[in-house]
Amino acid sequence: MRQSFVAKNPSVLVFLACLGLFTLGVSVLSEGMGIGLISTSFVKTLGKTLCLCLVAIAMDLVWGYAGILSLGHFAFFGLGGYMIGMWLMYARTEGIVAASLSNAEIPPTPDELRSAIANQIFGVVGSSDFPAIWVFAHSLPLQMALVVLVPGLLALVFGWLAFRSRVTGVYLSILTQAMTLALALYLFQNDSGLRGNNGLSGLQNIPGAEGVPQSVISVWFLWASAAALGLGYVIAAFVVSGKFGSVIRGIRDDEARVRFLGYSVEGYKLFVFTLTAVIAGIAGALYYPQAGIINPKEIAPIASIYLAVWVAIGGRGRLYGAVIGAALVSLLSTWFTGGRVPDLPLGFYTISWVDWWQVLLGLSFVLVTLFAPKGIGGLFDLVAGRRAPDRHGADLGPDPGALREKEAER
Amino acid sequence: MSTLLEVSGVSVSFDGFKAINNLSFEIGPAELRAIIGPNGAGKTTFMDIVTGKTRPDEGDVLWGEMSRSLLKMNESQIAQAGIGRKFQRPTVFEDQSVFDNLLMALKKDRAPWKVLFYRETAEDRARVGELAEEIGLADQIGRKAGELSHGQKQWLEIGMLLAQEPRLLLVDEPAAGMTLAEREHTTDLLKQAARTRAVIVVEHDMEFVRRLDCRVTVLHEGSVLAEGSLDFVTKNQQVIDVYLGR
């Protein structure tokens with residue numbers, strides 16, 4: 001009965017192969033590396049989509065497997081983006097300021113240089129000093145560590161408080177919404193230290209790679225995003241494949257029972273919550289350099305709700321479902337909201353998709369929830385034969401554990 | 001005989017209603033005990049207190065040779081200390097196979113980190129196979145638990161309890177909804193288990209209790225009304241009044 005990891009998870013190999021082919025294909029067709037069939041901006045869109053797929057995997061782990069409907073995972077995604085954005089902005093501004101000051105008769109002291117950088121970055125919010133949280137911004141390794149540490153610690157503290165008090169279900173969802181809303185509102189303030197509603201911008205310019213055209217950088221980021229997604233998929237598959245996966249699915253289905261088996265449910269939830277926050281942070285750190293700008297609007301509550309919608313449409317409880325949902329819905333969303341979809345004239349009214357896309361998305365979410373609870377990923381069951389237990393017939397009561405119609409006949 | 005579990009002077013009330021009223025109870029390390037009582041006698045609340053689900057207002061629950069108080073421990077710590085509980089409704093993980101259900105229950109390190117890097121050994125698989133044999137589900141080991149019949153689910157849950165290797169088993173109405181043949185099998189399983197550990201069975205069904213052939217504790221309005229063999233307690237006038245007077 002013992003099987004290797006790959007034999008137990010055939011989807012991993014298939015997924016990695018698809019991801020590899022996709023990345024190779026886009027590289028070959030890109031402007032920067034290949035024959036130029038795909039524009040640089042679309043390469044960036046695809047790269048960003050891979051990051052969204054990664055955060056969707058995190059969401060699937062926490063919701064589809066462990067049953068924690070977190071509606072705050074985009075807070076971690078955004079924090080990851082902010083952390084890498086701080087270094088990108090600092091280092092780039094440093095380069096510009098140093099270049100402009102180098103013409104001065106007296107070379108600037110380090111203090112002068114630092115205050116000039118601060119002036120440049122924070123002038124927009126009426127400040128010329130570095131806030132305390134920028135203390136590590138000069139160092140790429142430290143900010144990269146923060147990409148993992150800041151979302152991880154926030155999730156750890158938040159999760160510890162929430163899970164310890166046994167907050168579950170819809171109350172936990174509301175709490176996570178409150179967390180991401182509070183964070184967004186805080187960051188909107190000018191004195192939050194992250195430039196208020198201006199956010200961090202110019203992130204697409206990578207310091208040290210000034211000579212490299214964006215068309216090439218976009219492909220680099222595509223590769224990095226693909227690598228992160230592949231790694232994230234393997235890690236997630238590892239987490240859910242063994243006994244740990246059994247336990248967290250048990251927690252999803254019957255928390256009290258798992259507790260009486262002697263597992264500390266809170267510890268497991270906290271572990272999954274923190275792990276997925278870290279994955280989300282890394283995804284965000286790869287996303288925003290491709291987007292070029294991050295502002296507090298990115299972590300508004302609605303973003304995290306979209307994330308749940310992607311996973312629901314793709315099919316929760318299976319990793320490839322989350323990836324499919326995120327890729328499909330976010331690409332369709334780009335297409336529809338980009339204004340390139342022809343309007344639909346009905347005679348009396350013209351449907352403009354830029355406005356109606358959200359309605360369409362909402363409608364498909366409702367339809368999927370009602371008629372295809374397994375989402376798009378459920379289509380794979382038609383070939384794979386993986387299905388929920390067939391209980392044969394209607395419930396005979398008195399409770400869900402009781403015999404059902406056909407079971408009783410046998 | 002030493003005691004494994006000692007419940008002394010425990011009371012608990014919900015919104016003024018005294019569910020358990022100065023209840024005292026003890027059981028030895030290898031003993032089968034049936035708890036009977038009319039509805040609302042506090043049978044389930046008693047189990048909730050022992051397993052840590054409900055905190056009593058007063059009294060103490062002491063466990064094992066060291067007489068550790070269970071009141072300071074949470075559910076999972078109590079389960080790890082060696083108390084297993086079977087609920088009235090069969091609660092198995094329906095979306096997972098019989099094998100996975102048993103493997104999850106197997107007595108192993110429960111810390112998340114250990115579980116994450118746990119890889120099943122031949123020994124563990126053999127133990128799961130043995131358990132499946134014991135509960136009569138060896139043929140069904142690869143099936144999803146949700147596909148089993150009601151009785152099979154009950155056995156699977158008992159199997160999961162045995163896999164935990166608890167020193168005390170709390171079993172809530174194991175025979176509910178079972179056919180006669182299934183009841184006999186269940187009785188055998190429980191008697192078998194009680195040879196090496198303490199088993200407390202909460203049951204309504206007198207016939208089933210008679211078949212268990214063990215000491216009986218009668219609960220009424222949250223305290224012990226009578227204790228002894230089934231014949232002894234059924235001759236007790238108070239017990240007759242409580243059962244027939246309603």
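A residue counts as buried if 20 or more other C-beta atoms lie within 10 Å of its own. Keep that cut-off at hand. The model used in these exercises is predicted.

**Exercise 1. Strand 9 of chain B**

Solution: 
- Step 1. Look for one partner. Strand 3 of chain B (residues 32–36) runs parallel to strand 9, with 4 bridges between them. Here B:Arg33 faces B:Arg215.
- Step 2. Look for another. Strand 10 of chain B (residues 223–228) runs antiparallel to strand 9, joined by 5 bridges. B:Val218 has B:Ala226 as its bridge partner.
- Step 3. Check the turn. Strands 9 and 10 of chain B form a hairpin with 2 residues between the strands. In this hairpin B:Glu221 has a positive phi near 45°.

**Exercise 2. The overall form of chain B**

Task: Compare the radius of gyration of chain B with the globule rule.

Solution: 
- Step 1. Count the elements. Chain B holds 10 helices and 10 strands.
- Step 2. Compare the values. The radius of gyration is 18 Å, close to the 18 Å from the globule rule for 246 residues, so chain B is as compact as a globular protein of that length.
- Step 3. The C-alpha trace spans about 55 × 40 × 35 Å along its principal axes.
- Step 4. In chain B, 43% of the 246 residues count as buried.
- Step 5. Check the contacts. Take those between residues at least 6 apart in the sequence of chain B; 67% of them join residues at least 24 apart.

**Exercise 3. Where chain A touches chain B**

Task: Describe the side of chain A that touches chain B by element and by class.

Solution: 
- Step 1. Count both sides. Chain A gives 32 residues to the contact, and chain B gives 32 residues.
- Step 2. Name the elements. Helix 9 (243–253), helix 10 (255–260) and helix 11 (265–291) of chain A each give two or more residues.
- Step 3. Find the largest share. Helix 9 of chain A supplies it, with 7 residues.
- Step 4. Sort by class. This side of chain A has 14 nonpolar, 7 polar and 11 charged residues.

**Exercise 4. The largest nonpolar core**

Task: Which element gives the largest share of the largest nonpolar core?

Solution: 
- Step 1. Take the core. It has 178 residues. A:Leu54 and B:Leu102 are among those with the most contacts inside it.
- Step 2. Find the share. Helix 11 of chain A gives the largest, 17 residues.
- Step 3. Follow one residue. Beyond its neighbours within four places in sequence, A:Leu54 is in contact with residues including A:Ile279 and A:Ala283.

Key: Residues are numbered from 1 along each chain as its sequence is written. Chains are lettered from A and ligands numbered from 1 in the order in which they are written. This is a predicted model: local features need pLDDT of at least 70, side-chain atom pairs count only at pLDDT 80 or more; totals for chains, interfaces and linings use all residues. Two residues are in contact if their C-beta atoms, placed from the backbone, lie within 7 Å. Ala, Val, Leu, Ile, Met, Phe, Trp, Tyr, Cys and Pro count as nonpolar, Asp, Glu, Lys and Arg as charged, and the others, Gly among them, as polar. Two strands pair if DSSP finds at least two bridges between them. A nonpolar core is a set of buried Ala, Val, Leu, Ile, Met, Phe, Trp, Tyr and Cys residues joined through C-beta atoms within 7 Å. A residue is buried if 20 or more other C-beta atoms lie within 10 Å of its own, exposed if 12 or fewer, and partly exposed in between; C-beta atoms are placed from the backbone. The radius of gyration is taken over C-alpha atoms; the globule rule is 2.2 Å times the number of residues to the power 0.38.
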